[in-house]
Amino acid sequence: MEEMEEELKCPVCGSFYREPIILPCSHNICQACARNILVQTPESESPQSRRASGSGVSDYDYLDLDKMSLYSEADSGYGSYGGFASAPTTPCQKSPNGVRVFPPAMPPPATHLSPALAPVPRNSCITCPQCHRSLILDDRGLRGFPKNRVLEGVIDRYQQSKAAALKCQLCEKAPKEATVMCEQCDVFYCDPCRLRCHPPRGPLAKHRLVPPAQGRVSRRLSPRKVSTCTDHELENHSMYCVQCKMPVCYQCLEEGKHSSHEVKALGAMWKLHKSQLSQALNGLSDRAKEAKEFLVQLRNMVQQIQENSVEFEACLVAQCDALIDALNRRKAQLLARVNKEHEHKLKVVRDQISHCTVKLRQTTGLMEYCLEVIKENDPSGFLQISDALIRRVHLTEDQWGKGTLTPRMTTDFDLSLDNSPLLQSIHQLDFVQMKTSSPVPATPILQLEECCTHNNSATLSWKQPPLSTVPADGYILELDDGNGGQFREVYVGKETMCTVDGLHFNSTYNARIKAFNKTGVSQYSKTLVLQTSEDTDSEEQTVPFPVSSERLPLRRMSPFSSTLNLQPSFPRRSYFDFRPSPHQLSLHSSLQSLNAPGCNFETQSAPYSQLVAWFAFDPGSAHSDIIFSNDNLTVTCSSYDDRVVLGKTGFSKGVHYWELTVDRYDNHPDPAFGVARIDVMKDVMLGKDDKAWAMYVDNNRSWFMHNNSHTNRTEGGITKGATIGILLDLNRKTLTFFINDEQQGPIAFENVEGLFFPAVSLNRNVQVTLHTGLPVPDCYSSRASIA
């Protein structure tokens with residue numbers, strides 16, 4: 001009841017309502033308070049006068065147009081109080097309960113009438129103190145509002161219950177507040193008196209104890225006199241008619257309609273029905289007992305939830321701390337690598353400083369010595385040593401040749417931390433919870449008729465099952481490492497076709513696909529085995545089922561890496577080596593059947609295991625100054641500086657040979673030819689950094705260069721029409737160069753391993769054309785056969 005008290009108080013005076021009236025907005029207010037907040041409005045400001053004069057209705061009079069009037073359909077009289085002229089001159093006050101009210105503009109006239117009957121000024125306005133809606137009163141004034149008799153009755157009962165607290169009837173001195181009432185004894189007890197005078201044992205155990213308020217109601221409703229018959233007012237009920245189920249008197253049995261009915265004694269039936277009610281109450285009491293036990297169980301669940309929450313939070317913190325510790329350990333390892341790279345760069349630069357210092361000292365000494373010799377006036381003595389000095393000067397000058405005054409090490413750190421997969425994993429870190437809102441998508445089906453391989457690329461296509469009703473938000477394509485290792489993601493997206501480039505020749509891959517949506521991921525599809533191209537005379541190798549021209553595949557280069565975790569992120573290339581292994585199903589680049597389970601393709605390789613590949617230059621990875629033509633087989637440059645361009649195909653195993661013909665050669669430039677990593681520097685000559693192995697050549701001689709180190713100067717250069725051959729033997733881990741079908745110098749580089757891409761650096765004075773799919777030169781193949 002106490003929670004209801006605020007509903008029973010007037011928003012103006014803050015006391016219990018006295019003669020409450022109902023405003024049209026359904027809020028209540030005391031009649032006296034309503035008279036106190038009446039405001040008289042000027043005639044010109046009233047809504048009626050504004051409508052009569054044709055003036056526009058203000059924004060505050062919105063209720064004038066769309067509210068049904070309390071008195072007539074033509075005029076509601078509603079409006080916001082802020083629209084009246086008297087509002088600015090009438091300061092607002094606050095009632096005791098915090099609601100803003102507006103006092104009258106002038107005190108009401110003195111009158112001996114009651115507030116309800118006293119006349120109100122013409123054009124009076126009353127504003128609801130709760131919703132602040134205003135109403136223009138008519139001639140009836142406040143009498144036009146209905147009185148809330150229900151609210152008055154509720155207030156009366158509430159005040160009686162608060163004022164008349166029930167006291168114990170057995171306390172000897174100061175009666176305490178009663179806590180129970182016995183319906184059989186008709187006595188109110190406090191707790192001590194109940195335990196002393198009405199113990200729950202013996203005959204008293206069957207008495208019914210109720211709360212005092214309920215007992216008072218039962219007292220009020222209980223009859224105070226003996227019930228009389230309704231047909232015979234002078235007779236008391238003495239019998240009970242079983243057929244009519246009602247008490248009757250003796251006269252009803254003798255004269256009335258109950259004369260032939262079965263009757264029983266009134267007292268016996270009274271006891272019988274009380275017994276039946278007690279039995280029914282016993283069943284209800286059992287249910288109440290179960291409800292109490294259930295409440296106890298719920299309260300215990302609250303405690304258990306709190307304990308489990310603390311335990312779960314501690315477990316979560318421990319797991320996150322473990323991740324942070326692992327990240328810190330990895331951070332220490334990566335910092336160690338950075339420090340190692342730092343020391344290496346410093347060592348190289350310091351060694352070059354020491355070397356150049358010694359060489360400069362020798363050169364300076366030679367120069368000073370030669371100047372002193374020139375000062376001598378003895379012609380015969382001078383001529384005896386002049387030839388030797390001239391040769392020494394030229395030899396020293398040659399030692400300061402190309403590359404000597406170029407730093408062997410760059411100041412930049414050629415390391416890039418690929419943290420995007422880890423960040424993605426952290427963002428996707430979530431609790432594993434069974435979700436029943438929607439199921440996961442069905443397992444995708446690989447469409448073998450649209451899958452194919454070409455050279456070292458593979459195209460895969462998939463679809464959802466025909467009867468699947470659960471949509472997929474995307475798909476995840478995975479390939480393994482070709483050696484029974486873990487699968488790794490190569491594509492995540494909504495497309496249903498993907499081409500993976502940059503794979504390795506004569507290698508076998510396992511591929512699988514799964515779908516995902518907001519609920520989770522599906523099961524993996526059946527594993528498909530892919531076999532890339534082997535040694536063959538066919539330029540283009542595909543499965544016998546062509547890919548539909550209406551579906552352009554999404555191209556995706558393989559992002560696998562067999563190097564350390566600290567690698568630049570190049571999603572269009574691969575960094576891993578594969579080894580062939582037998583599998584259950586082979587998607588082979590020959591015309592072999594796709595549906596033959598357990599098929600294994602065996603080939604007879606050449607003695608030097610050459611893998612023939614057809615490729616072109618890659619515009620996507622080239623420097624922006626490179627100019628392409630002839631289907632990306634011919635390149636030149638728009639800059640006078642050297643710029644690098646790579647081939648589209650990378651090699652990690654086998655023997656590969658390709659050639660470049662010089663279409664234009666002006667002003668004796670130094671183009672460079674060789675192989676490089678995908679992350680080679682593109683704006684300097686090939687071989688300046690440690691990501692390229694090259695031969696740069698002019699019109700007279702050539703040098704081998706790697707990491708800005710020049711070696712093996714060899715006579716013989718190039719002119720327009722010359723042919724440069726590059727032989728990459730990854731079986732022997734060597735790189736050899738040819739000019740016009742003749743080997744240029746010794747084997748240029750040894751112990752080369754990893755993934756390499758054909759590379760060229762040139763400027764605007766050179767134009768070359770690429771020729772691929774060539775056999776190894778006879779001189780090399782014969783040596784390989786002998787070896």
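Predicted model: local features only at pLDDT ≥ 70, side-chain atom pairs only at ≥ 80, totals over all residues.
Strand β27, which spans residues 655-665, is mostly covered, with 9 of its 11 residues buried. The strand is paired with strand β32, formed by residues 723-729, and the two run antiparallel, joined by 7 bridges. Within this pairing, Y657 has L727 of β32 as its bridge partner. Strand β27 also pairs with strand β37, which comprises residues 766-771, again in the antiparallel sense and over 6 bridges. In this second pairing, the residue that stands opposite T661 is T769 of β37. As a general point, side chains in a regular strand alternate between the two faces of the sheet.

Two residues other than glycine were found to adopt positive phi values, and each is placed in a loop between strands. For H132, phi is near 65 degrees, a positive value in a residue that is not glycine. H132 belongs to the loop that lies between β7 (124-127) and β8 (133-136), and with a relative accessible area of 34% this histidine is partly exposed. Because that value falls neither under 20% nor over 50%, the residue counts as neither buried nor exposed.

For N740, phi is near 55 degrees, likewise a positive value in a residue other than glycine. The position of N740 is in the loop between β33 (734-739) and β34 (742-743), where the residue is partly exposed, its relative accessible area being 42%.

Key
Residues numbered from 1 in each chain as written. Heavy atoms only, no water. Buried < 20%, exposed > 50% of the residue type's maximum accessible area, 1.4 Å probe, protein only. Helix = DSSP H or I, 4+ residues; strand = E, 2+ residues; numbered from the N terminus. Pairing = 2+ DSSP bridges.
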